[in-house]
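Here's a quick look at one helix and the packing around it. Have the sequence and the structure open as you read.

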Amino acid sequence: MRETAVSATSLGKRGVPFELSDEIFMLCANSDISAIEVNLPFGYDFFGIDFEYLNALSKKYNVRLWSYHLPFSDYFDPSALDKTEGDKALEDFKRLIKNASKSDIKCVVVHPSAEITIAENRGVRMENAIVRLSRLADYADLFGIEVAVETLPRMCLGNCTAEIEELISLNSKLKVCFDVNHIELGTQKECAEKLGSRIVTLHISDCVVTDDHLLPFEGKIDWKGLITVLNKINYNGPFLYEASIYTKENVMRDVRLYHKLHKKIEDLAD
């Protein structure tokens with residue numbers, strides 16, 4: 001069975017300022033979660049993350065640092081139409097990757113765009129993102145780090161298989177973060193089959209409508225079909241959950257459920 005991993009923010013308590021602390025790593029270690037994605041909330045000082053400290057916690061609790069989700073917003077937008085803004089985003093991403101290289105992280109996840117509302121600029125945004133993401137992949141490769149472009153929902157770039165293929169077409173170093181609840185155009189199975197070995201990491205959650213981030217089996221995703229195709233393409237990375245574990249009553253459930261749900265999904269392919 002693949003290892004169970006989790007996005008750090010999926011472990012945060014509502015109303016409590018989030019910190020990647022000793023407590024978070026201990027919670028993972030006690031919950032059969034063996035890997036974590038460094039993913040921090042909006043407003044966090046991304047440039048001040050102490051990756052050497054996080055690496056020490058990783059080794060202390062035997063919970064490996066699997067990936068780092070780079071920040072995303074209009075400010076951190078590789079598709080930006082304004083050249084100055086887009087180039088600034090690229091340079092900031094490089095700074096963040098260099099900082100992350102102080103740890104054992106080997107994968108960074110990046111959004112190819114912020115929210116897009118003006119459809120007629122889509123082609124230009126795609127061209128900008130393709131070039132800047134390629135440059136980012138070349139830079140990250142200097143540190144032995146892969147750049148994984150995330151599948152996105154709504155009108156964002158990368159909201160269908162064809163766009164993800166185009167976004168990574170310029171540079172073979174570019175990989176994919178397959179967020180299974182972000183795909184609007186085309187099924188999860190079709191997307192995984194086409195992207196194949198370019199998928200190096202996952203974001204796992206369920207949905208009734210796109211971007212729900214529900215727990216598996218709370219939405220409409222065909223989990224048996226998905227795990228079957230992941231086996232077919234020989235995906236061996238962790239099952240990384242990016243979901244809410246709060247009930248409708250706003251009660252936080254036992255974090256160990258991630259490992260139990262993962263086993264249930266893996267067993268579907270038997």
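Just past the end of H2, Asn62 adopts a positive phi of about 55°. This is a predicted model, so treat the angle as a computed one. At the other end, where H2 starts, Asp50 has a side-chain oxygen within 3.3 Å of the backbone nitrogen of Glu52.

Which residues of H2 are buried? Between positions 51 and 61, they're Phe51, Leu54, Asn55, Leu57, Ser58 and Tyr61. Look down the helix axis and these fall within an arc of 160°, so they line one face of H2.

| Element | Residues |
|---|---|
| Helix H1 | 22-29 |
| Strand E2 | 35-38 |
| Strand E3 | 64-69 |
| Helix H3 | 83-100 |

Now for the nonpolar packing. The largest core has 77 residues, and Leu20, Ile36, Tyr68 and Tyr258 touch the most other members. Helix H4 (residues 122-141) supplies the largest share of this core, eight residues. Apart from it there's another core of five residues, including Cys107, Ala148, Cys177 and Val200.

What does Leu20 touch, leaving aside neighbours within four places in sequence? Its contacts are Ala8, Phe25, Ile36, Val38, Leu40, Tyr53, Leu54 and Leu57. Among these, Leu54 and Leu57 are also on the list of buried H2 residues.

Note on methods: Residues are numbered from 1 along each chain as its sequence is written. This is a predicted model: local features need pLDDT of at least 70, side-chain atom pairs count only at pLDDT 80 or more; totals for chains, interfaces and linings use all residues. Side-chain values use heavy atoms; hydrogens and water are left out. Buried means under 20% relative accessible area, exposed over 50%, partly exposed in between (1.4 Å probe, protein chains only). Helices (H or I, at least four residues) and strands (E, at least two) are DSSP runs, numbered from the N terminus. The arc is that of the directions from the helix axis to the C-beta atoms. Contact means heavy atoms within 4.5 Å. A polar contact is a pair of N or O atoms within 3.5 Å; within protein, one must be able to donate a hydrogen and the other to accept it, and residues adjacent in sequence count only if both atoms are side-chain atoms. A nonpolar core is a set of buried Ala, Val, Leu, Ile, Met, Phe, Trp, Tyr and Cys residues joined through side-chain atoms within 4.5 Å.
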